[in-house]
Amino acid sequence: MLGQSPALEAAGRSPGTGAKRALLLLAYLLLNEGRPLSRFHLQDLMWPDKDGDRQAQNLRKAVSDLRAVFEELGLPERFVETARNSVAIDASSGWCDVSVFTQQATRGITEQDLGALLAAVDVYGGPLLAPWDDGWAVPYRLELEELYGQAVEQACRILGQRGDWKEATRIGRNAAKLAPLREDIHIALISSYRMAGMEAEAVRQFETLEQLLDETWGELPSARARAALEGAPEAQPLAALPAPEAVSKTFADIDAVGGAVPMDSPFYVRRPVDEAIERCLERHEATILIQGPRQVGKSSLLARAISLAGKAGTRVVVTDFQAIGRSQIADEEKMYRVLAHAFASGVASDIDVRGLWNEWLGPKANLDAVLGQVLSGIDQPVVWAFDECDRLFGQDYADDFFGLLRSWHNRRALDTKGDWKKLSLVLSYATEAHLFIADMNQSPFNVGVKLKVSDFSQEEVGSLAERYDIPGGQHQTDVFEITSGQPYLTRRSFAFLSQGQTIEELRATSSDDDGPFCDHLRRILDSLSTDPALTAEVARLLAGSPFERSNTVFRLVSSGVVKVGSQGVPEFRVPAYRDYLGRHLLPARTES
């Protein structure tokens with residue numbers, strides 16, 4: 001499935017229209033191996049433009065075609081398992097490139113196993129199901145491409161550590177062809193060229209990356225890419241870094257910093273808010289609000305809490321608005337349909353969402369009806385978690401949508417023994433909701449339990465230090481002073497120190513354009529540059545002048561740039577923010 005569609009062709013069949021749908025069905029079943037999938041869900045996903053009867057007929061025909069092909073290939077009849085309302089696949093007797101790639105890449109990255117990394121890189125033949133572009137495949141494709149980028153970078157680093165730059169550059173060149181828009185792959189190749197003494201090739205590769213980014217997104221290469229070209233420490237391969245036994249606590253973690261901390265990561269630090277949300281879910285609270293600035297750990301907290309809820313027997317549905325396309329969010333009808341489909345498939349309901357959807361009712365009433373129908377068909381409690389709710393703030397339909405969530409909250413209180421009592425909502429967001437919601441009394445943001453997620457305390461910074469095997473209470477104090485407990489930068493700091501750097505070097509370079517925090521600082525500056533009015537307000541704070549807009553403090557706090565100090569005065573969240581932004585936003589001072 002990676003880079004091509006070989007399954008049906010292996011039996012000598014050309015993928016015509018019907019065969020293509022059958023192959024896409026096979027791919028989706030393989031990506032969800034072992035999980036029974038609702039027939040209605042599969043029908044709506046594979047044949048969205050057909051009516052219910054035609055969808056069912058097409059599904060039966062596709063399953064029959066697949067079984068015929070499997071029989072020719074000598075696979076057992078139950079390779080595809082069908083029940084009255086579901087279809088599943090058991091690929092234990094077959095071979096799936098996605099499964100092999102995922103297993104080898106994950107093992108290679110976590111255990112620094114070069115053999116596994118090379119096996120994963122060899123299996124990856126290109127984007128999932130290329131060149132087909134069905135919408136449901138895109139999230140899977142991006143996830144696999146992300147894993148491929150990490151595997152390539154790790155493989156090049158380990159090969160470099162062993163002095164095998166010829167193999168490192170070969171892998172990098174091939175990867176740059178298969179995933180040309182992944183900057184991490186270009187960085188790995190640039191670093192490999194440079195460490196092999198091939199300076200001209202390194203420059204050409206950087207220029208290729210520069211052109212690709214400019215033509216595709218109108219962006220420039222990151223500071224990390226420039227560092228790779230210049231041979232700066234933060235972009236050097238493993239030859240200049242700690243011994244292999246330390247790698248699992250440095251690069252395997254550094255590369256993951258910035259998103260949700262993996263569920264099995266030893267670097268996750270529990271805070272009081274973890275216990276608070278777990279208690280809320282145990283009590284099956286109606287509405288739980290998780291609010292905090294960017295990169296404070298909301299998504300990591302949410303992932304762990306709902307995982308525990310799922311293990312306790314609660315059905316869990318997660319909707320990450322960051323993963324939904326801009327065009328879908330902008331279209332009210334599409335957005336409500338996406339949510340209805342997500343909820344029904346998330347609880348493995350057999351209801352026909354498409355059949356329930358009545359055009360004359362409108363999207364809001366339709367979503368409400370679908371939810372009620374799904375809840376009536378299950379016995380367990382359900383948690384529906386919404387991450388990155390900020391993406392809906394400012395949409396024309398935001399008040400209506402959040403008003404609908406408030407109605408579900410109220411309905412649960414009134415329907416103490418009915419279907420709505422099964423539902424709990426969890427909303428994660430950064431921005432102060434009252435800046436965007438016209439009537440807070442018609443939203444879920446002033447009801448339920450509100451949990452604030454804050455930066456690490458000094459004790460929590462100390463706990464993280466121990467996980468990097470960095471002893472000494474003074475480092476705990478120093479890192480806290482440098483980062484103010486900002487989780488991302490705290491982890492960056494300890495990763496930096498675990499590579500043999502000193503606390504003095506960390507302090508001296510924390511705000512540098514090519515320092516250990518450079519990528520993070522650059523992202524803040526780039527984000528501000530899209531909003532000239534907010535940039536001007538930051539410049540006023542730097543200059544010691546008052547803000548001109550009443551909502552500036554809320555916006556800067558929610559973006560994670562500013563915090564409100566003990567005296568109620570806004571100040572930069574991290575000292576390095578003031579130094580870096582001051583250098584880039586304030587005019588240079590001239591000597592008189």
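**Salt bridges, buried loops and a charged patch**

Mentor: Glu 146, Arg 182 and Asp 184 are linked in a network of salt bridges; a salt bridge is a side-chain nitrogen of Lys or Arg within 4 Å of a carboxyl oxygen of Asp or Glu. This is a predicted model, in which local features need pLDDT of at least 70, side-chain atom pairs count only at pLDDT 80 or more, and totals for chains, interfaces and linings use all residues. Residues are numbered from 1 along each chain as its sequence is written, and side-chain values use heavy atoms, with hydrogens and water left out.

Trainee: What is the N to O distance between Arg 182 and Asp 184?

Mentor: Their side chains meet at 2.9 Å, N to O.

Trainee: Is Arg 182 buried or exposed?

Mentor: Arg 182 counts as buried because its relative accessibility is 15%. Asp 184 is buried as well, with a relative accessible area of 12%. Buried means under 20% relative accessible area, exposed over 50%, and partly exposed in between, with a 1.4 Å probe and protein chains only.

Trainee: How many salt bridges does the structure hold?

Mentor: The structure holds 24 salt bridges. One of them joins Glu 153 to Arg 157, with the closest N and O atoms 3.3 Å apart.

Trainee: Where do Glu 153 and Arg 157 lie?

Mentor: Both lie in helix α6 (residues 137-161), four residues apart, which is about one turn of the helix. Helices (H or I, at least four residues) and strands (E, at least two) are DSSP runs, numbered from the N terminus. Glu 153 and Arg 157 are both buried.

Trainee: Which residue does Arg 555 meet in a salt bridge?

Mentor: Arg 555 meets Asp 531, at 2.5 Å from N to O. The pair links distant parts of the chain, 24 residues apart: Arg 555 is in helix α26 (residues 552-558), and Asp 531 is in the loop between α24 (518-529) and α25 (532-543). Arg 555 is partly exposed, at a relative accessible area of 28%.

Trainee: Changing topic, where is Gln 112?

Mentor: Gln 112 sits in the loop between α4 (97-111) and α5 (114-123), and is buried at 14% relative accessible area. A polar atom of its side chain lies 3.3 Å from the backbone oxygen of Ile 109.

Trainee: Which side chain does the side chain of Gln 112 contact?

Mentor: It makes a polar contact with the side chain of Gln 154, at 3.2 Å. A polar contact is a pair of N or O atoms within 3.5 Å; within protein, one must be able to donate a hydrogen and the other to accept it, and residues adjacent in sequence count only if both atoms are side-chain atoms.

Trainee: What is the phi of His 284?

Mentor: His 284 has a positive phi of about 55° although it is not a glycine. His 284 lies in the loop between α13 (272-282) and β4 (287-291) and counts as buried at 16% relative accessibility. Ser 484, not a glycine either, also has a positive phi of about 55°; its loop runs between α21 (473-483) and α22 (487-498).

Trainee: And Ser 484: buried or exposed?

Mentor: Ser 484 is buried, with a relative accessible area of 16%.
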